[in-house]
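Here are my notes on the model you sent over.

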Amino acid sequence: MESPTSHLPFVPANSDLPVAPVGPAASTTESYYNGRVPSNRRKPVQNPAISRRELLRTSAVSIATLCCEQSAFSQANAVVPDFALLLTGARVMDPAKGLDRTADVAIGAGKIAAIAPSIAPERAARVIPVRGCLLTPGLIDIHVHGFRGVSHAGVELDTYCIGRGVTTAVDAGTSGADSFAGFRRHVIAPASTRVLAFLNISRIGLISPLGELVDRRMIDREAALRACREHADAIVGIKVRCTHFYSGPNDLEAVQAARAVGEAIGKPLMVHTGWPHTPFERLLEELRAGDIVTHAFRGAGEGGVIGPNGRVSPAVRRAAKRGVLFDVGHGSGSFSFQAVEAALREDFPPSSISSDIHASSVLGPVFDMVTTMSKLLMLGLPLASVIERSTALPARSIQRGHLLGSLEPGRAADITVLQLVSGEFEMTDSKRQVRTATRKLVPILALRDGKAALE
Ligand SMILES: [Zn+2]
């Protein structure tokens, strides 16, 4: 979507805007910029397109700030730039708006200010050329595990999320009602990544590898409901793990409890599947439109999308028809190249791509979200589809489609810049099957609210 630059709101300059590259190696960025360092100290330039009167009329800055700016005008004969930051020349892909074209993207006051074929660099306090890159809405990974030091599964989210191009990470039930206040204080609040969460229906969450649901007394719908109401801004749904060694025989009861809580708060369930005690087809009967099955693309007959015969199971088709979503949730044991290929052959792509980074997957085979996206690309999912399933669709599945997952001007400037590089790249699934990809996505820059979080 494009905006006419002549109708842009005035945006106060922010010369202190931190902008730093992200990605596995600084050399990637250096080679991208060809040794040219983008200037953050541009000479003040008179912009004839916007008069001072217009600036003052459209500005939202305070009187005090205006006085300072008036002084600056008279002293330096300069105008305040319209934008804090301008990213120029990327292939801008915003599947939510059907946008896929070369464009410049302007950012001000932490929001997307404009997208247009060409925006004069003089209008921005800082310009970063990103020609040759993909610029997308900030990536959204709806299955991660934080709470390092409390949960055996937890990892440092900033390192593996915004540090690897993911601007919004949704914790998948690492904490339950007993620990959510701590999760909020110690994980959500200090994170540079935008962190949201599914609350575990087990009040203890993932604090022990022995299984959070093997004792059915841990299913506490009243405690879960209280936590959901107290932290309504951070909790996007209820998580249940249905695997016999985590839930014993209690998986169906846990799903039904989660169903009741989810209905009370109007939010979806995220159901982890894989070797459940209760047959997967029976568990699916409990799920409704908007509920999410994660780890869905696991080996044939393990309780995912692909049944024992190697085909998409009829129960899965029925569930998808009524609006149940099937998410990747790669993880250390839940992602099969063969399953994805079988599903794609039957035109059954994942509803969303997610990594399931946790302590035992983040150093391989998962690594991060962009590596997971690269695997889907390798398996035949078109690039636009990969981006959509990592931006617009996960945003919608956590009921944030109106806030996240698009570059629409006026929204928070959550932006990811990627490079699609060619070569030979070894990719491994959870079955330790190895394939060679010829393309790979590499994160270059990630902005949350217009700011790069990692310096
Ligand atoms: Zn998980």
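1. Ground rules. This is a predicted model, in which local features need pLDDT of at least 70, side-chain atom pairs count only at pLDDT 80 or more, and totals for chains, interfaces and linings use all residues. Numbering starts from 1 along each chain as its sequence is written.

2. The open sheet. You'll find 7 strands in the order E6-E7-E8-E9-E10-E11-E12, with parallel pairing. Strand E6 (139-144) and strand E12 (325-326) are the edges, each pairing on one side only. For the terms: strands (E, at least two residues) and helices (H or I, at least four) are DSSP runs numbered from the N terminus, and two strands pair if DSSP finds at least two bridges between them.

3. Take E10 (residues 269-273) and E11 (residues 292-294): they run parallel and are joined by 3 bridges. To get your bearings, look for His-272, which stands opposite Thr-294 in E11.

4. The antiparallel strands. E13 (residues 415-428) pairs with E5 (residues 134-137) in the antiparallel sense over 4 bridges, and Pro-137 stands opposite Ile-415 there. E13 also runs antiparallel to E14 (residues 434-448), this time with 12 bridges; Ser-422 has Arg-439 in E14 as its bridge partner. The hairpin of E13 and E14 has 5 residues between the strands, and Arg-432 takes a positive phi near 65° in it.

5. Helix H8. (The expected span is 1.5 Å times one less than the number of residues.) Gly-266 follows H8 and has a positive phi, near 70°.

6. What H8 packs on. Its buried residues include Ala-254, Val-255, Ala-258 and Val-261; buried means 20 or more other C-beta atoms within 10 Å of a residue's own, with C-beta atoms placed from the backbone. The buried residues of H8 pack against helix H6 (221-230), strand E9 (235-242), helix H7 (244-247), E10 and helix H9 (280-284).

7. The core. The largest nonpolar core has 124 residues, and among the members touching the most others are Val-105, Leu-199 and Val-417. (Such a core is a set of buried Ala, Val, Leu, Ile, Met, Phe, Trp, Tyr and Cys residues joined through C-beta atoms within 7 Å.) Domain 2 (85-135) and domain 3 (137-452) both contribute residues, so this core lies between them; the bounds come from an automatic or database domain assignment.

8. Leu-199 up close. Setting aside neighbours within four places in sequence, Leu-199 has contacts including Phe-180, Cys-228, Ile-235 and Ile-238, a contact being C-beta atoms, placed from the backbone, within 7 Å.

Conventions: A residue is buried if 20 or more other C-beta atoms lie within 10 Å of its own, exposed if 12 or fewer, and partly exposed in between; C-beta atoms are placed from the backbone. Two residues are in contact if their C-beta atoms, placed from the backbone, lie within 7 Å.
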